[in-house]
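Dear colleague,

I am passing on the structure below, together with some notes on what was found in it. Please read them with the model open beside you.

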Amino acid sequence: MSENREVKARKTILNIHPYTPGKPIWELQSELGLSRIIKLASNENPLGPSPKALEAIQGSLSDIHRYPDASTAKLREVLASKLDMKPEQFIVTNGGDELITLVSEAFLEPGDEIIVLSPSFSEYEFGAHLMGANIISVPFGEQYTFDMDAIIEAVTERTKILCICSPNNPTGTYLPKPVLHHLLDVLPKHILVLFDAAYSQFATAADYTNGLEFVRAGYPMVVLQTFSKIYGLAGLRVGFGAASEDIIRHILKVKEPFNVNALAQAAAVAALHDEEHIRSSLQANTQGREQLYRAFQELRLPFIESMSNFVLVELGPNAKAIYGQLLNRGIIVRYGATWDLPCHVRISVGTESENAALIQALTEIING
Ligand SMILES: *Cc1c(COP(=O)(O)O)cnc(C)c1O
């Protein structure tokens, strides 16, 4: 048998690079033998899951020999009533990540173009590579604001999807409502806007929009939401998309029947009703952001003001070394090289005491 008779994978998957997750707590723990690890790398809820979600999971445990509801009817009903839309305008997915893949599968032909901003969330490119679509990357403007002219200029006949992440991961910057409105009005209607609002609940600016009002108004847009961030359910894998009934119908065609497990469905319903947990999580985040800002100012570290639960900080040419020194002290942040930002780190907002530990470590490392 000759060498070249191996099983050939599809050409397009050669373009796919593995996702780099934040370093898991157990991994650093086993490397260093430390008892306290502080993870500020994956934008998880530092207060933990909604207690009501935990109760709901316990209440559902004895039923896990049954298949979950393939139509996620209960959760879509709650979403519809909370968000003033129809249940048919939602698709529930195995994390927001799955929605991105499903949208790609439903809409991208090989050779289609998808516009992504840079730096942003990498999963949009994953979906595009999977389908053999071409990625058109548009850089952010000054201070990582959205550069409308550059985005509109990138549009061609072949553009199929435009991905907007607001607040954007990893910059924390957002697209103001009037600017999004203008963009939607000038975009050709053959383009689907994938509006990633994974961090919408943390945004406090008056002119922020989570995009849902534009879905209600009938624009060709899918809004992505997740239960992984403010709701504190990242380990369960549940998120959803909101769009017109037509767009949802297309996406449903490529969905596996039982993509969202029963515990995740029950927990998500409960978490949506847990106003207290949502309120305290938002408050902790807003205060934690301020705590980090003050420290960065004192340390004279440039940072981008964030509408999210993380802050992008510039540490300079020693960023990688500082990232490593933080790891040695049991503090995990995200190194910026993933986004071609080798002088930056992205730091998730933690509890007050986690933030304080990070600030102390950073101060000691920098003032050496
Ligand atoms: C976390 C995140 C998501 C969704 O994550 P899931 O855990 O898959 O729900 C989507 N977009 C962005 C930008 C994110 O940071």
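In these notes a residue is called buried under 20% relative accessible area, exposed over 50%, and partly exposed in between, using a 1.4 Å probe and protein chains only. This is a predicted model, in which local features need pLDDT of at least 70 and side-chain atom pairs count only at pLDDT 80 or more, while totals for chains, interfaces and linings use all residues. Residues are numbered from 1 along each chain as its sequence is written, and side-chain values use heavy atoms, with hydrogens and water left out. Helices (H or I, at least four residues) and strands (E, at least two) are DSSP runs, numbered from the N terminus.

Helix α2 covers residues 51-60, and its buried residues are A53, A56, I57 and S60. Seen down the helix axis, these buried residues fall within an arc of 100 degrees (taken from the directions from the axis to the C-beta atoms), so they line one face of α2. On the other side of the helix, E55, Q58 and G59 are exposed. Among what covers the buried residues is α10 (262-273), where contact means heavy atoms within 4.5 Å.

In strand β5 (residues 159-165) we find T159, which counts as buried because its relative accessibility is 1%. Apart from neighbours within four places in sequence, T159 is in contact with E113, I115, A154, H190 and I191.

Strand β2 (residues 90-93) is covered on both faces, with F90 and V92 buried on one side and I91 and T93 buried on the other.

With kind regards
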